[in-house]
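Please take a guided walk through the structure shown below, with a viewer open beside the text. Each stop says what to select next and what is to be found there.

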Amino acid sequence: MSTKPDMIQKCLWLEILMGIFIAGTLSLDCNLLNVHLRRVTWQNLRHLSSMSNSFPVECLRENIAFELPQEFLQYTQPMKRDIKKAFYEMSLQAFNIFSQHTFKYWKERHLKQIQIGLDQQAEYLNQCLEEDKNENEDMKEMKENEMKPSEARVPQLSSLELRRYFHRIDNFLKEKKYSDCAWEIVRVEIRRCLYYFYKFTALFRRK
Amino acid sequence: MMVVLLGATTLVLVAVAPWVLSAAAGGKNLKSPQKVEVDIIDDNFILRWNRSDESVGNVTFSFDYQKTGMDNWIKLSGCQNITSTKCNFSSLKLNVYEEIKLRIRAEKENTSSWYEVDSFTPFRKAQIGPPEVHLEAEDKAIVIHISPGTKDSVMWALDGLSFTYSLVIWKNSSGVEERIENIYSRHKIYKLSPETTYCLKVKAALLTSWKIGVYSPVHCIKTTVENELPPPENIEVSVQNQNYVLKWDYTYANMTFQVQWLHAFLKRNPGNHLYKWKQIPDCENVKTTQCVFPQNVFQKGIYLLRVQASDGNNTSFWSEEIKFDTEIQAFLLPPVFNIRSLSDSFHIYIGAPKQSGNTPVIQDYPLIYEIIFWENTSNAERKIIEKKTDVTVPNLKPLTVYCVKARAHTMDEKLNKSSVFSDAVCEKTKPGNTSKIWLIVGICIALFALPFVIYAAKVFLRCINYVFFPSLKPSSSIDEPLKNLLLSTSEEQIEKCFIIENISTIATVEETNQTDEDHKKYSSQTSQDSGNYSNEDESESKTSEELQQDFV
């Protein structure tokens, strides 16, 4: 964790270098989308906090470790596209959890707010990924990756780890029969996960 | 020798025994299949293999499976004693994200050895099966309802709402295909011809997992007869003051319109009970091709809007749905700024616009600012466009009043939004540099001259005092000598006055100008002399007598 500020700094320098070497067209759209993404993500974090007055103390007993995959932190220069894809996946999974299971625990207006917010998040990420695909940014990023020495190269991140994580959450809800405590624990966990990805949105800014 | 022979025979026996045994069994050695293919579609696992030996008949095959990390092999139900070379089984109670291993063996009277299939993660191998499609026809559009092929699938338990779909559509007559990608489970295809049969097939995709599914079977539907009233077109949303303005085009006049909205996220989740198009009250039965409604109708989010026309008897079909993001279309407030005036320029500091009520204002929106300034007296305006919030307006005349107003623009070409101009703020520039210098010099001179001025004033005052208000007392230095003179003569007179002899009866007053010292010497001498005078020296007495006589 202590290497993160260094990592983010290195990423910023790498982006500046990329801007010099790669004569690509500026995509104002993606930059603007990123502004909205950060804003919406932060709002969602606040919604997740305000959905419940406080975490009930009696639910602490049932808390389990879901083991959020923190693979991005291990690499000095994670690929932006990988992070965006993972964030998109996470947004959809969280949307799924708060939409599909019929339950009476949350107030409807809170549910609506979080569903709106997560859908917005996913939309912005999807649009940006489409933009990147059209501009061949992922090809450029892959070429950049090849130029680096092998130990700095980031292997293709499969979304499998993230899915296993959400599978654990889903299983937990099913096992506990969607009890109130189970929902509280899941809410806190998803908030943790969202915050983890929120911190990476600072990397998406392109010069 | 005997031992060697014995050893040799046992060796031979051991080598021959299995062959003999198998010969006794009456068949060749069974080999397990060497290649097994695993296909997974939704929750169905399909295993296919080749027989290792075609000539041998009545062979059955069985499968076991093992979860990674476990030691035991479990019998795979549904794939035991299979005579053909294919078997199906469902997900069982597997965790589809965990790796599993399969093994197969052939059986007849005896069993072959196990052949282990390479381990795999079911989710990775899984393909998305054909989705279910339901169609509704309008005159120039088709509404498509898509749902996953397998309900409550174990494989796609986490992906119920994450599927995106793509389809291929063609006219039955022409066969020219059109592809539509990345659509949700409720979609409408527009701009079709009426009374035409269209056919389409749909496949699902999970883009983040690089999965593209299998096409559904082809579905065909015929569009209806052309409706009397066409749907409204070219719907646009803009912002004015605190309202949203919705405008559209319509070919006929004298129509009434109504507008409906829906949360965009419900497109991902059409099964939700909230999936209902709702009316906008301010836009019900409007007679113009526009309607205005306050911003607080919509909380922050993405919405879909649609418009319908009616002439009293008939209604048109719904227009195309437009997507409307309240944040991206938010009202841009004019910027607030401070001016710091110098003699030849203004420094303008632009700050965040003031929020009022529930107007959504984006703080970190990338903006550029247009600043217009003019001399208060003239009307000639000059413009500066800056990205920074710290702007310098140069080349101004000193001691002149200039007025400034500003507005913000979004940087994105696609959005192209501007705020209105802020109120004009007028400020006077400071005095110029040359007059400033004179001012400074003047102050310095004044400070420097001050002590001199004070001194000169003091002298002047003294002069005045002396001339107009003189003092009456004589000065002490002039008085002293006169005083002494007067006092000393009176004393001498008293001391000199004495009678030595009766020669002269007249007492002479001697006046001397001598100092006090001489006077004292003289008086002491004469007193002594008077004692010795009569008897002794004649000279001495003579002198005193002579003296006395001189004086007389």
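Select Cys463(B) to begin: with a relative accessible area of 45%, this residue is partly exposed, where buried means under 20% relative accessible area, exposed over 50% and partly exposed in between, computed with a 1.4 Å probe and the protein chains only. Cys463(B) lies in helix H3 (residues 433–468) of chain B; helices (H or I, at least four residues) and strands (E, at least two) are DSSP runs, numbered from the N terminus. An unreviewed UniProt entry lists Cys463(B) under "lipid moiety-binding region: S-palmitoyl cysteine"; UniProt positions are given in the numbering used here, feature names are shortened, and annotations may be inferred rather than shown by experiment.

Before going further, please keep in mind that this is a predicted model, in which local features need pLDDT of at least 70 and side-chain atom pairs count only at pLDDT 80 or more, while totals for chains, interfaces and linings use all residues. Residues are numbered from 1 along each chain as its sequence is written, chains are lettered from A and ligands numbered from 1 in the order in which they are written, and side-chain values use heavy atoms, with hydrogens and water left out.

Next, colour the whole of chain B by secondary structure, which comes to 6 helices and 30 strands. Of the 552 residues in chain B, 37% are buried, and chain B exposes about 33800 Å², of which carbon and sulfur atoms supply 55%; these accessible areas come from the Shrake-Rupley method with a 1.4 Å probe, and for residues only the protein chains shown count as cover. Among the contacts in chain B (heavy atoms within 4.5 Å) with a separation of 6 or more, 62% are between residues 24 or more positions apart.

When the bonded cysteines of chain B are numbered in sequence order, their pairing is 1-2, 3-4, 5-6, 7-8.

Select Cys403(B) and Cys426(B), which form a disulfide with their sulfur atoms 1.8 Å apart; with 100° about the S-S bond, the link is right-handed. This pair links distant parts of the chain, since Cys403(B) is in strand S29 (residues 401–410) of chain B and Cys426(B) in strand S30 (residues 425–428) of chain B, 23 residues apart. Cys403(B) is buried, with a relative accessible area of 2%, whereas Cys426(B) is partly exposed, at 41%.

Move on to Cys283(B) and Cys291(B), whose sulfur atoms are 1.8 Å apart in a disulfide. The torsion about their S-S bond is about 65°, so this disulfide is right-handed, and both cysteines are buried.

In chain A, select Cys59(A) and Cys181(A): their disulfide comes from UniProt and is formed in these coordinates, at 1.9 Å S to S. Cys59(A) lies in the loop between helix H2 (28–50) and helix H3 (80–100) of chain A and Cys181(A) in helix H7 (residues 180–200) of chain A, so the pair ties together parts that are 122 residues apart in sequence. Is this disulfide left-handed or right-handed? The torsion about its S-S bond is about -80°, so the disulfide is left-handed. Cys59(A) counts as buried at 2% relative accessibility, and Cys181(A) is buried too, with a relative accessible area of 12%.

While still in chain A, select helix H4 (residues 108–134), whose 27 residues should span 39 Å at 1.5 Å a residue, and whose end C-alpha atoms are 39 Å apart, which agrees; the expected span is 1.5 Å times one less than the number of residues. Of the 27 residues of H4(A), 20 are buried, so this helix is largely enclosed by the rest of the structure.

Finally, return to chain B and show the aromatic side chains. Rings of Phe, Tyr and Trp (its six-membered ring) pair if their centres lie within 6.5 Å, with planes under 30 degrees apart counted as stacked, over 60 as edge-to-face and the rest as tilted; a search of the whole structure finds 29 such pairs over all chains. The rings of Tyr97(B) and Phe123(B) have their centres 5.0 Å apart and their planes at 45°, so the pair is tilted, and both residues are buried. Trp261(B) and Phe298(B) form an edge-to-face pair, 5.4 Å centre to centre with 80° between the planes.

Conventions: Disulfide = S-S within 2.5 Å.
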